[in-house]
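Let's take a friendly walk through a few local features of this protein. Here are the sequence and the structure to look at together.

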Amino acid sequence: MKGRIIATLLGLLCVGSTTYAADIGIGLHAGYGAFYYKEDTSSMGAEIEAGSTQPAILVGLSGEYTPKARRNLFINLTTDWLWGLGGKERWREEGVEVQENDIRVFGQFYDLRFGYKDTLDSLYYRVYISGGWDGLNFRRDEFVLNGILLDGEVEEDFSLIRMGAGIGAGYKIHRWAVDGRVAYSYYPYAMIENTALPEFEFRTHGTCLDGGIGIMYRIGGRLDLYTGFSYTLLRLDESDVIERDAILAVFPESRTEIKAWMLNLTYAF
């Protein structure tokens, strides 16, 4: 599966050393939460919807560089990986449950940011533009297609190119700080492939809203510890209906949510 350039659901801003005008900041973050996925369509006649929830673990790295000659500018790369721990997916047709299957998800997110930052007494802030790639891989067991139980796992891949902008701000009280962030991204290109429908390649677009809020504590002069809540909402529009060999198929409108409690360590060089 391809790699992703970030957000979302879920990347933290590297608020440690770079906030205080260091040259390089490197961060490690991890979290635990829940992954929600829902899709629905009525393009094929009857209204069909599916939904699932599974616990998830998130791990990521971030790096930020500030030029010595331009202390207010920064370049940041944030990466995130998500492992879903498995759950049940339930399908309904016209409100009646017609199928249940196992589902697991793996996500990877990569975000490259270019921005401006500054400090006004106890208040610090940053704004940036970004671009990247998001990837989601779903694996389904006991999956039924057109009334036929498929052998083995059915794999579905999302490949999403993103561009967006974000803002982060915080307020320092001695060694403590209250920190928040919000970012919005647009997916001009989203491709979905499914091994149950190998002859189809669905293309669509969508949006992503990502945010978080938490508390940071400075340990010594170079290490920052952050803990807080992260939320990501990713929506993809329904694709066009595609016909192949008298078979019609569509990628439905989908909604993904990632909610997690995060812990972040950032070290300044």
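Strands here are DSSP runs of at least two residues, labelled E and numbered from the N terminus. Please keep in mind that this is a predicted model.

## Two loop residues with positive phi

Most residues other than glycine have a negative phi. Glutamate 142 has a positive one, near 55 degrees. You will find glutamate 142 in the loop that links strand E6 (123–141) and strand E7 (144–145). Its relative accessible area is 48%, so glutamate 142 is partly exposed.

Alanine 246 also has a positive phi, near 70 degrees. Alanine 246 lies in the loop between strand E13 (242–244) and strand E14 (247–249). With a relative accessibility of 67%, alanine 246 counts as exposed.

## A buried serine

Now look at strand E15 (residues 253–268), where serine 254 is found. The cut-off for buried is under 20% relative accessible area, and serine 254 has 3%, so this residue is buried. Leaving aside residues up to four places away in sequence, serine 254 touches Tyr37, Lys38 and Glu39, as well as Leu234, Arg235 and Leu236.

## A nonpolar surface patch

On the surface, Leu73, Tyr116, Val127, Met163, Ile167, Val182, Tyr184, Tyr186 and Leu209 form a nonpolar patch, together having about 770 Å² of accessible area. Strand E9 (154–173) and strand E10 (176–194) are the elements that each give two or more residues to this patch. E10 provides the largest share, three residues.

One of the patch members is Tyr116, which sits in strand E5 (residues 96–120). Tyrosine 116 is partly exposed, at 32% relative accessibility.

How values were computed: Residues are numbered from 1 along each chain as its sequence is written. This is a predicted model: local features need pLDDT of at least 70, side-chain atom pairs count only at pLDDT 80 or more; totals for chains, interfaces and linings use all residues. Side-chain values use heavy atoms; hydrogens and water are left out. Helices (H or I, at least four residues) and strands (E, at least two) are DSSP runs, numbered from the N terminus. Buried means under 20% relative accessible area, exposed over 50%, partly exposed in between (1.4 Å probe, protein chains only). Contact means heavy atoms within 4.5 Å. Patches are made of residues with over 30% relative accessible area and no salt bridge: like charges are joined within 9 Å, nonpolar side chains (Val, Leu, Ile, Met, Phe, Trp, Tyr) within 5 Å. Accessible areas come from the Shrake-Rupley method with a 1.4 Å probe; for residues, only the protein chains shown count as cover. A salt bridge is a side-chain nitrogen of Lys or Arg within 4 Å of a carboxyl oxygen of Asp or Glu.
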